[in-house]
Amino acid sequence: MAIQRLDNIGIVVADLDAAVAFFVELGMELEGRAPIEGAWAGSVVGLDGMRSEIAMMRVPGGSGRLELSTYHSPDAVDIGLGTAPSNTLGLHRVMFAVDDIDDTVERLGALGATLVGEIVRYGDAYRLCYLRGPEGIIVALAEQLG
């Protein structure tokens, strides 16, 4: 038995519209939005009476997808991961290759993103940084040099 592919990474957000706008500004495309509810959905995620809405974001020309979800019932639970340090167990981040890290940081900053640390150079290969986006999601950016 082998893995066939990674379909998507899912992230729960409170403000789906703001999260979609953030990832569109990053350069992703909105593939679609849909309500998700019913006994089958609650059984999958282990939440009785689950009602949510998802937005599927796609990397242009690639297979990478991000599923953004907001929960209407039961309410989402905030355990403080939005401000957790980068070495918190279970914390996730998503990384994107970009062509201009400075421009990307500036554009996302206009939507409220903040640098976690600094933009740094890794040898002659990359410039890298971590940003906190909507809901405190850690978004890593990498600009390849040369």
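Predicted model: local features only at pLDDT ≥ 70, side-chain atom pairs only at ≥ 80, totals over all residues.
Me: Which residue forms a salt bridge with glutamate 53?
Reply: Arginine 33 does, and the closest N and O atoms of the two are 3.0 Å apart; a salt bridge here is a side-chain nitrogen of Lys or Arg within 4 Å of a carboxyl oxygen of Asp or Glu.

Me: And what does that pair tie together?
Reply: Arginine 33 lies in strand 2 (residues 29-37) and glutamate 53 in strand 3 (residues 51-58), so the pair ties together parts that are 20 residues apart in sequence. Helices (H or I, at least four residues) and strands (E, at least two) are DSSP runs, numbered from the N terminus. Arginine 33 is itself partly exposed, at a relative accessible area of 35%.

Me: How many salt bridges does the structure hold?
Reply: It holds eleven. Among them is the one between aspartate 103 and arginine 107, whose closest N and O atoms are 2.9 Å apart, and both of these residues lie in helix 3 (residues 101-109), four residues apart, about one turn of the helix. Glu29, Glu31, Arg58 and Arg65, for their part, are linked in a network of salt bridges.

Me: Switching topic, where is threonine 70 found?
Reply: Threonine 70 is found in strand 4 (residues 65-73), and it is buried, with a relative accessible area of 7%.

Me: What does threonine 70 touch?
Reply: Leaving aside its neighbours within four places in sequence, threonine 70 is in contact (heavy atoms within 4.5 Å) with Val13, Ala14, Leu16, Arg51, Ser52 and Glu53. A polar atom of the threonine 70 side chain also lies 3.1 Å from the backbone oxygen of valine 13.

Me: Last one, what is the mean pLDDT of the chain?
Reply: The mean pLDDT, the predictor's confidence in each residue from 0 to 100, is 94 for the chain, and 100% of its residues reach 70 or more.

Conventions:
Residues numbered from 1 in each chain as written. Heavy atoms only, no water. Buried < 20%, exposed > 50% of the residue type's maximum accessible area, 1.4 Å probe, protein only. Polar contact = N/O pair within 3.5 Å; in protein donor to acceptor, adjacent residues only side chain to side chain.
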